[in-house]
Amino acid sequence: MTDTTDPVSARRLDGNAAGGPLAALFAVDVTAARSRCAACGSTSALGEHLVYADAPAMVVRCPTCTEVVLRVASREGRMLLDLSGAALLTVPMPVVADDT
Amino acid sequence: MLDNRAETPRVHRLVLDVPGWPGHLPGQHVDVRLTGEDGYTAERSYSLASPPEVPLLHLLVERLDDGEVSPYLTDEVRRDDAFELRGPIGGWFVWSVSADRADREAARRPVQLVAGGAGVSPFVAMLDHHRRLDSPTRMQLLYSARTQEEVLGRDVLGPETTVTLTRQAPEGWHGETGRIDAGMLERRTFAPAERPRTYVCGPTVFAEAVATALVGLGHDPSAIRIERFGSAGESS
């Protein structure tokens, strides 16, 4: 285990961090949604994707080929969502919790 | 906010009463948004360290000297102050008794948690939830902290937890020391043959190194869930 990683990759987050911004748009949680990459065709949970939050937009990249899957930004009272890198988004509908 | 107290030298425990809170799952987080007088906003994610059974929300906030959000939360916010929260967030990096009841196949597999520093927060919630509901699921935590006094969640962690101290160990310490590596993972976590469901949380470099070592030991990459909180560790 080493600390000599480059600073950009050390600031890398994952799809869990995109859950908050996307909650403003989606009625259900999307971190458990599975997304198929438009570039390489691989499918993985949004929570497994790589996220770079330092850019002007939050950039979500494919964990397999690192192509941009999704970008989300908010400015001047508007929210911008670019989904052109996601070929298909499959969202699990919530189950009613019963822990009590 | 109801309480803001130092849990360790660098981490404060914030106790929040959130009106209309819909409940949450262990592992979920909230986004804290601060707005300055000039309208500038800063937002950070913090895992919930309290289980769903506790009506108040607990956050463990690590103070980062150059942070935009954490110094305000640890040093400035007082009892009865209010700030903006979004949440609960997340359906991927979660574990709950109800999910195990709904998926008996998955529930037979043990749960391995691996934490670096403040990355232990979601696992404190999971272990507390596990204990309160007397879950039959086998669960272990391997937790890397710098020193013994920086160990978080001591009221919850029990015999299921192995702590390794990376900077300094007190005299008479019989636990692990040094960073988590492949050898320690092999000694202190469920073997690949048990097909554990593994959750890794901590700074990005830590979390990715642990995940790589686990895959090297023969664990199924698709059974490893990671939550990274960047290099600064602003979020936990």
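A residue counts as buried if 20 or more other C-beta atoms, placed from the backbone, lie within 10 Å of its own, as exposed if 12 or fewer do, and as partly exposed in between. This is a predicted model: local features need pLDDT of at least 70, side-chain atom pairs count only at pLDDT 80 or more, and totals for chains, interfaces and linings use all residues. Residues are numbered from 1 along each chain as its sequence is written, and chains are lettered from A in the order in which they are written.

**Stop 1: chain A**

Select chain A. Of its 100 residues, 32% are buried. Color by secondary structure. Chain A has 2 helices and 8 strands; these are DSSP runs, H or I of at least four residues for helices and E of at least two for strands, numbered from the N terminus. Follow the sequence and the pattern reads α-β-α-β-β-β-β-β-β-β. Now look at contacts, meaning pairs whose C-beta atoms, placed from the backbone, lie within 7 Å. Among contacts in chain A between residues at least 6 apart in sequence, 50% join residues at least 24 apart.

**Stop 2: where the chains touch**

Select both sides of the contact. Chain A puts in 24 residues and chain B 27. On the chain B side, β6 (84-89), α2 (97-102), α6 (204-216) and β12 (224-228) each supply at least two residues. β12(B) gives the most, with 4 residues. By class, this side of chain B has 11 nonpolar, 9 polar and 7 charged residues. Here Ala, Val, Leu, Ile, Met, Phe, Trp, Tyr, Cys and Pro are nonpolar, Asp, Glu, Lys and Arg are charged, and the others, Gly among them, are polar.

**Stop 3: two strand pairs in chain B**

Select 29-35 and 41-47 of chain B. These are β3 and β4, paired antiparallel over 7 bridges. Strands pair if DSSP finds at least two bridges between them. V32(B) stands opposite R44(B) in β4(B). The hairpin has 5 residues between its strands, and G39(B) there takes a positive phi near 90°. D31(B) stands opposite R86(B) in β6(B).

**Stop 4: the largest nonpolar core**

A nonpolar core is a set of buried Ala, Val, Leu, Ile, Met, Phe, Trp, Tyr and Cys residues joined through C-beta atoms within 7 Å. The largest has 71 residues; among those touching the most other members are L59(B), F123(B) and V200(B). α6(B) supplies its largest share, 6 residues. Finish on V200(B). Beyond its neighbours within four places in sequence, V200(B) is in contact with residues including V114(B), V210(B) and I226(B).

Note on methods: Two residues are in contact if their C-beta atoms, placed from the backbone, lie within 7 Å.
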